[in-house]
Amino acid sequence: MGIGASIFLLALGAILAFAVNADISGLDISVIGWILMAAGLIGLVTTLWFWNSRRRTVVTRSTAAPVAGTGYTNEYREVRQDDVPPPPPPAYR
């Protein structure tokens with residue numbers, strides 16, 4: 001959902017739950033506000049959890065020797081690897 005959309009739902013839900021005193025037949029505005037606040041909170045927690053659980057990449061750069069007859073003098077190479085997971089606890093060895 002994203003942080004921006006989650007904060008928007010939280011704010012809209014709070015406005016509907018606490019600041020609006022309108023009567024619509026068959027519809028309770030404050031309940032809709034509470035539902036929107038709950039959806040915004042769930043979206044915010046889920047988004048932050050996914051951001052913290054994603055893996056970071058390590059970039060390694062190396063240059064190679066020139067290849068004869070091609071006219072190239074340097075080769076740029078970029079290797080991306082995921083972080084190495086931590087070793088298992090000592091009880092599992």
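What share of the 93 residues of the chain count as buried? The share is 12%, where buried means under 20% relative accessible area, exposed means over 50% and partly exposed lies in between (1.4 Å probe, protein chains only).

**View 1. The whole chain in this predicted model.** The chain has two helices and two strands. Along the sequence they follow the pattern α-α-β-β. Helices (H or I, at least four residues) and strands (E, at least two) are DSSP runs, numbered from the N terminus. The accessible surface of the chain comes to about 7,800 Å². Carbon and sulfur atoms hold 63% of that surface. Such areas come from the Shrake-Rupley method with a 1.4 Å probe; for residues, only the protein chains shown count as cover.

**View 2. L36 in helix α2.** Helix α2 covers residues 29-53. L36 is partly exposed, at 21% relative accessible area. Beyond its neighbours within four places in sequence, L36 is in contact (heavy atoms within 4.5 Å) with L9, L10, L12, G13 and L16. L16 is 20 residues from L36 in sequence. Their C-alpha atoms are 8.9 Å apart in space.

**View 3. T47, also in helix α2.** Is T47 buried or exposed? T47 counts as buried because its relative accessibility is 10%. Leaving out neighbours within four places in sequence, T47 touches M1, G2 and I3 by contact.

**Notes on the views.** Residues are numbered from 1 along each chain as its sequence is written, and side-chain values use heavy atoms, without hydrogens and water. In this predicted model, local features need pLDDT of at least 70, and side-chain atom pairs count only at pLDDT 80 or more, while totals for chains, interfaces and linings use all residues.
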